[in-house]
Amino acid sequence: MSATEEEPISFLRPTTVPRILRVAASPKTVEFDLSRSALIVVDMQNDFLHPEGWFPAKGIDAGPLLGAVPVVGRLTNLLRGLRVPIIWLNWGIRPDCANIPYGVMERGTSYGSKPPGYGDASANGRGRILVKGDWGSQTIDDLTVGDEDLTIYKHRLSGFWDSELDSVLRKKGITTLLFAGVNIDRCVFSTLQDASFLGYDCIMVEDACATSSPDFVVQAVKYLMHMLYGVCTTYENILRGTDGDNTRQVEQH
């Protein structure tokens with residue numbers, strides 16, 4: 001370049017060396033690129049899981065949901081060590097609920113039969129229900145949010161609706177999403193479905209998910225996963241996959 005030439009505008013973007021992981025899954029073994037993957041952890045937050053949170057205060061048994069906590073902890077530690085981005089996807093609504101539809105607001109109180117609801121003062125005195133920045137929207141203390149992890153807030157069952165999630169993932173060059181969290185048949189599955197519709201490859205880590213719904217609902221979700229949306233695997237399968245010859249780096253030419 002001569003002294004009179006200007007520096008060009010660069011449309012070059014960072015590239016990554018593929019790191020291929022093979023994992024046992026159903027309906028079939030799956031391969032994916034760790035360098036283009038992220039873990040989405042859904043709704044592991046105080047208002048759903050803490051004994052003083054919104055759901056337990058409404059009489060919803062958080063016990064089945066808490067069973068996923070240790071597995072989520074191990075999974076996030078494992079994937080963080082493999083340099084896979086961890087994204088905590090929590091409910092975090094506006095204080096004025098200005099963008100929550102009336103129908104959603106009404107379902108939040110079971111149509112008036114079980115107040116309080118979205119944005120109302122919490123019965124435990126710890127702020128407002130599910131409001132971004134308040135106690136109920138924060139990830140439970142039993143799980144560690146790493147310094148490099150991201151937290152993204154949502155105001156629908158699906159984390160992709162009217163949020164920044166898709167933009168964040170696309171800037172990172174992510175093409176494969178692993179899913180963990182609660183409830184497997186509600187916010188986890190809604191977010192996973194939208195991810196699939198948007199072109200992401202989806203892996204449900206089933207033992208890192210939980211629900212208070214009956215087991216037949218979980219079986220229906222797994223059936224639909226196998227038929228339409230991706231694959232199901234477990235933490236142990238991922239752990240075994242990272243050991244030995246199942247992980248390989250691909251040289252770029």
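Predicted model: local features only at pLDDT ≥ 70, side-chain atom pairs only at ≥ 80, totals over all residues.
Which elements do the buried residues of α4 pack against? Residues are numbered from 1 along each chain as its sequence is written, and side-chain values use heavy atoms, with hydrogens and water left out.

Now, back to the helix. The buried residues of α4 pack against β3 (37-42), α3 (63-66), β4 (86-91), β6 (176-182), β7 (201-210) and α9 (235-241). Helices here are DSSP runs of H or I with at least four residues, strands are runs of E with at least two, and both are numbered from the N terminus. Contact means heavy atoms within 4.5 Å. Buried means under 20% relative accessible area, exposed means over 50%, and partly exposed is in between, using a 1.4 Å probe and protein chains only.

Helix α4 itself covers residues 69-81, 13 residues, and reaches 18 Å from its first C-alpha to its last, close to the 18 Å expected at 1.5 Å a residue. That expected span is 1.5 Å times one less than the number of residues. Its buried residues are Val69, Val71, Val72, Gly73, Leu75, Thr76, Leu78 and Leu79. As a reminder, an α-helix has 3.6 residues a turn, so residues three or four places apart point the same way. Just after α4, have a look at Arg83, which takes a positive phi of about 65 degrees.

Next stop, strand β4. Is β4 enclosed or open? It is largely enclosed by the rest of the structure, because 6 of its 6 residues are buried. On one side you find Ile86, Trp88 and Asn90, and on the other Ile87, Leu89 and Trp91. In a regular strand the side chains alternate between the two faces of the sheet.

Who are the neighbours? β4 runs parallel to β3, joined by 4 bridges, and parallel to β5, joined by 5 bridges. Two strands pair if DSSP finds at least two bridges between them. Gly146 is found in the loop between α5 and β5 and is buried, with a relative accessible area of 15%.

On to the core. A nonpolar core is a set of buried Ala, Val, Leu, Ile, Met, Phe, Trp, Tyr and Cys residues joined through side-chain atoms within 4.5 Å. The largest one has 73 residues, and Leu169, Leu177 and Met204 touch the most other members. Strand β7 gives the most to this core, with 7 residues. Leaving aside residues up to four places away in sequence, Leu177 touches several residues, including Ala38, Ile40, Phe160 and Leu169.

Now for charges. A search of the whole structure finds 9 salt bridges, each a side-chain nitrogen of Lys or Arg within 4 Å of a carboxyl oxygen of Asp or Glu. My pick is Asp43 with Lys154, at 3.2 Å from N to O. Asp43 lies in the loop between β3 and α1 (46-49) and Lys154 in strand β5, so the pair ties together parts 111 residues apart in sequence. Both Asp43 and Lys154 are buried. By contrast, the salt bridge of Arg22 and Glu31 (2.9 Å, N to O) joins two partly exposed residues, Arg22 at 43% relative accessible area and Glu31 at 38%.

Last, the rings. The structure holds 7 aromatic pairs. Rings of Phe, Tyr and Trp (its six-membered ring) pair if their centres lie within 6.5 Å, and planes under 30 degrees apart count as stacked, over 60 as edge-to-face and the rest as tilted. Phe189 and Tyr229 make an edge-to-face pair, 5.5 Å centre to centre with 85 degrees between the planes. Phe189 sits in helix α7 (residues 184-197) and Tyr229 in helix α8 (residues 215-229), 40 residues apart. Phe189 is buried at 6%, and Tyr229 is buried at 13%. Tyr229 also pairs with Phe197, edge-to-face because the ring centres are 6.1 Å apart and the planes at 65 degrees. Phe197, at 58% relative accessibility, counts as exposed.
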